[in-house]
Amino acid sequence: MDPAERPDSPKGRTYCFGDYRFHPDRQLLLRCNEPISLGSRALDLLHALLRNAGTVVSKQELMHFAWPNTFVHEANLKVNIAGLRKALRSSPPETRYIATVPGRGYRFVAPVQILDLPSEKPTPAAVRANTGKLPTALPLIGREQALAEIDGALLETRLLTIVGAAGVGKSSVAIAQAARAACRFEDGVCYVDLSAIDDPQFVVPAIAFALGRDSNFVNTLAGLAALLRGRGIMLVLDNCEHLLSGVASVADYLCHLLPGLSLVVTSREPLRCRLELVYRLPPLPCPPEGNEAEAAAVLGFSAVQLLVHRAQAQGYQLDESDLPALAAISRRLDGIALAIELAASQLTTQSPAALSAILEKSFATLVSETDAAPARHKTLMATLGWSYQLLSGQEARLLRHLSVFSGGFGLEDAVGAANHLQKNADDIATWLESLASKSLLTPSYREGRRWYRLLDTTRSFMHERLRETGELRTAMIGYSLYLLSRFEQAEAEWAWRTREDWAELYGPAGNDLRRAIDWSFGEGENAELGIRLTVAGITLWREQSSFLENRSRVQTALDAARALPALDSSLRMKLIAVQGINLCQAREIASAVELLKEGIRLANELGNIEYRARMSGLMAGAQFFMGRHQEALASLSQLRVIIDVADPGSVEPDIRWHELMIGFCRGGISHAYDGLQKLAREYSKVSHRSQVSRFVIDRFVAIRTFQAVAAWAIGRPRQAIETAAEAVEAATSLEHAVSSVFVLGLGAIPVALFSGLFDVAQKWVDLLSENIVLIQDEVWAPNARLYQAAIDHARGLPDALERMRGAIDEMIESDMLVHAPVRLALLADAALLGDRLDLAEAAVAQAFHYSRQNGEHWSDAELFRLQAMIGWRRADLPQARRLLKKAIHVAEQDNALSFQLRAAICLAELERQSGSDEGALESLALLYRRFDNDGASADLVKAQALLSDPPPESPQR
């Protein structure tokens, strides 16, 4: 029997049982007015059982009813019956609908009520409006690959669903693809727009009208199948997400019966039919942030191409200066084609920069000015509202609450942030996947974990709904408390996780943490929560070296903490500890020391040995940078007492390298070099967990920073450069910008400049500048300017001396006095080369002042040499000779072999020029042989040239 000729229920008959209603003529099963998605065979079987409710229907009768004139195996019947039972969930759960009668068949056992409606609903105008013709569409931009992939997919399937987010361009792509494929079908393409149809029962009539038939004969699936039988046609069903069950039944039924039919569907979620192949249409590619330098780079992205093309069609004139703003607009709109087209229309009255600024705050300006656009495409918010209305209550509520996330999140994040909804993880996981299938969440995989993300446009829309429903405060508190627990866990795990693993796990949540803090101190009016979140985030900012942000946020929290007397004192103590570091980076080192003293007193009151040790270590570092070496040693002594009590043995090496570097500055060069050599051997590998809890700088890097300087001073320039390079590479590999700045500013660049390796120094100055920008640092910026000016002076560039002087003055003004004598010596040496004796003399005098004041004597020999050179330039040869011999003596006593070599070279040159010979060349030769002479420094090259060119014989000889 042909399916179209089978006896059927009277028109409009409805079967009611439990929570369900079944409309056979519409192939529609509802549960509590929600459509249930089932294949046409399962619905046919249900129809047969309901027609014979209470009696046994044999397997043969059922198979004949569902598969007329077709031989199928009995297993197909069992599978579909099982699917029916699964779909017919009952409340209470013990209710049964379909019973198996062994050896005979099946029986519908629940009570059934049959309703016969007296009349059918009139056919809406939206149904009759379907003519089957493809709409005329604007040329597609950036969809060549998508069209090619869809063409390929249609060679593999007869049912393709194009799925994507609201406004992404599904309809445009489907129409363009159908136009390209029409010639392959004998009967062409039939287009059906279902967007204005609000009842699944009108899906079949809409298709019938599109096919040119207005008859009751085609108001049933069987009639429609008869109409299409034998025709080679592509059927395009557009905008189906709100009629999913009805379209799924039609598609499944027609594709099974009609081998000549090709069906393309657009929907925000799949139909979930048996033969369906899903193609997910992605947004248009946008330029990544920071990729706006070249016009070609920006215009190479199809999102920008679409924006410019549509704007130009309305009168906009492209200017290259607009490209960064155009790129920002396309990113803000997530590459959503509809949003971009709506934005393009605004560029006739708004500049790109102005529109970009407006869109950062709201999408409300994105309104279509043409009457041709469908109502749901008139504004971006209307488009999103269309999707929102199709959600179940639970899905909509969850999505609203997920809008608090600023970026990606996993299942555990969603469960944690939505804990106040009191839903179990299984339910949330189910809703997440449902929302992803509806293209309202964008799923992805990262390190084997499934992540979800709301597009910015969707997030903005849902956040407004969250505010409208009065749920914003509840959602933000739940979200903030989850982040608090997460980052408290992060702090605990920081001590044992590898840097890479820790950053991968917690780094992506940084923006969410910032947002929660801002809300707590602002609209949320919950200062205590903001303080706790700030404290929890300290580890993240320390790892990311974000000192400018860290300082601002911690100061806000610290001010709030002082205004809350009842607040847990340990929170204030932790804030003080981190703000001590931040103030050092802000060129407020003296203020940092005073704040850390307050923190140490508070730690003593609380009996917190860990934080007392941490702040004592930080204070020692700050005092070292101020040149207060004696005070720094006292702080380190106190720290050693503390750790003897607490016994955290891992801190001893950090105390030791601090003591050695202070000893080096005070003139104990050999002792410091030997101690640093030993520490370097003990800590010969870069740790995957940087030990910066107390001293901020990675241990491996810090040891080698001063090892390099000591190696140069003691006369091993080759080792100095190699050690400096190793430390720079280690800091870079750790991606710890603070350690990079430390080694470059205090070790690597000075060693390169001492050695006269200006190309190497330039490379490292560039790297220093990059890291300073990265961490938004203030204290190291004058160092970079000093070093750059020194290189520029060596290359003969103007104004370099003034820039050197200005940079040193900045460092002195900010109490950055460590190595002040040797920096001033660098300036004096450059001034001598430029015949600026006044500047050189002032610099040397100032250098001696800081050498005496701070007890920093390691470069005293160099200062005496420079004093001698000034005297020589002023023709005071006896004074110059005396000072050079003093420089050689002081350097020899300190074992500062490199400074001794410099002074010996100058003395040999002086004696040669004066025509006297007091054994200066012989002394230089003996000293020169103490070096590993491989051309590792400019001084060695100069000494070799001097020794290779003996003085002319005197007339007496």
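At 28% relative accessibility, Gln555 counts as partly exposed, where buried means under 20% relative accessible area, exposed over 50%, and partly exposed in between (1.4 Å probe, protein chains only). The model is predicted: local features need pLDDT of at least 70, side-chain atom pairs count only at pLDDT 80 or more, and totals for chains, interfaces and linings use all residues. Residues are numbered from 1 along each chain as its sequence is written, and side-chain values use heavy atoms, with hydrogens and water left out. Helices (H or I, at least four residues) and strands (E, at least two) are DSSP runs, numbered from the N terminus.

**Gln555**

- Gln555 belongs to helix H24, which covers residues 547-562.
- The side chain of Gln555 makes a polar contact of 2.9 Å with the side chain of Gln579. A polar contact is a pair of N or O atoms within 3.5 Å; within protein, one must be able to donate a hydrogen and the other to accept it, and residues adjacent in sequence count only if both atoms are side-chain atoms.
- Phe487 is 68 residues from Gln555 along the chain, and their C-alpha atoms are separated by 19 Å.

**Three-strand sheet**

- Strands E5, E7 and E6 form an open sheet in the order E5-E7-E6, with antiparallel pairing; two strands pair if DSSP finds at least two bridges between them.
- E5 (56-58) and E6 (98-101) stand at the edges with a single partner strand each, so one side of each is left without a neighbour in the sheet.
- On average, neighbouring strands of this sheet are turned by 30 degrees against each other, direction ignored. Axes are lines fitted to C-alpha atoms, for helices over the stretch in contact, and angles run from 0 to 180 degrees between N-to-C directions.
- E6 and E7 (residues 105-108) run antiparallel and are joined by four bridges. Val101 stands opposite Gly105 in E7.
- Helix H1 (residues 40-51) packs on the sheet and touches E5, E6 and E7, contact meaning heavy atoms within 4.5 Å. The direction of H1 makes about 70 degrees with that of E7.
- Helix H2 (residues 59-66) lies across E5 and E7, at about 70 degrees to E5.

**Five-strand sheet**

- A second open sheet has five strands in the order E10-E11-E12-E9-E13, with parallel pairing.
- The edges are E10 and E13 (276-280); each has a single partner strand, so one side of each is left without a neighbour in the sheet.
- Neighbouring strands here are turned by 20 degrees against each other on average, direction ignored.
- E10 (residues 189-193) is mostly covered, with four of its five residues buried.
- Five bridges pair E10 with E11 (residues 233-238) in the parallel sense, and Cys190 stands opposite Leu235 in E11.
- E9 (residues 159-163) and E12 (residues 261-267) also pair in the parallel sense over five bridges. The bridge partner of Thr161 in E12 is Val265.
- Helix H7 (residues 203-210) lies across E10 and E11, running at about 135 degrees to E10.

**Ser171 and Asn239**

- Ser171, in helix H6 (residues 170-181), is buried with a relative accessible area of 18%.
- The side chains of Ser171 and Asn239 are joined by a polar contact of 3.5 Å.
- Not counting residues up to four places away in sequence, Ser171 touches Asp238, Asn239 and Thr266.
- Asn239 lies in the loop between E11 and helix H9 (244-257) and is buried, with a relative accessible area of 8%.
- The phi of Asn239 is positive, near 65 degrees, in a residue other than glycine.

- Helix H11 (residues 302-313) has 12 residues, which at 1.5 Å a residue should span 16 Å; its end C-alpha atoms are 16 Å apart, which agrees. The expected span is 1.5 Å times one less than the number of residues.
- Buried residues of H11 include Val304, Leu307 and Arg310.
- Gly315, which follows H11, has a positive phi near 110 degrees.
- The axes of H15 (residues 380-389) and H19 (residues 456-468) come within 10 Å and cross at roughly 75 degrees.
- H15 and H19 are therefore roughly perpendicular (angles under 35 degrees count as roughly parallel, over 145 as roughly antiparallel, 65 to 115 as roughly perpendicular and the rest as oblique).
- Leu380, Met381, Leu384, Gly385 and Tyr388 in H15 meet Thr457, Thr458, Phe461, Met462 and Arg465 in H19.

**Gln422**

- Gln422 lies in the loop between helix H17 (411-417) and helix H18 (425-437).
- At 73% relative accessibility, Gln422 counts as exposed.
- Although not a glycine, Gln422 has a positive phi of about 55 degrees.
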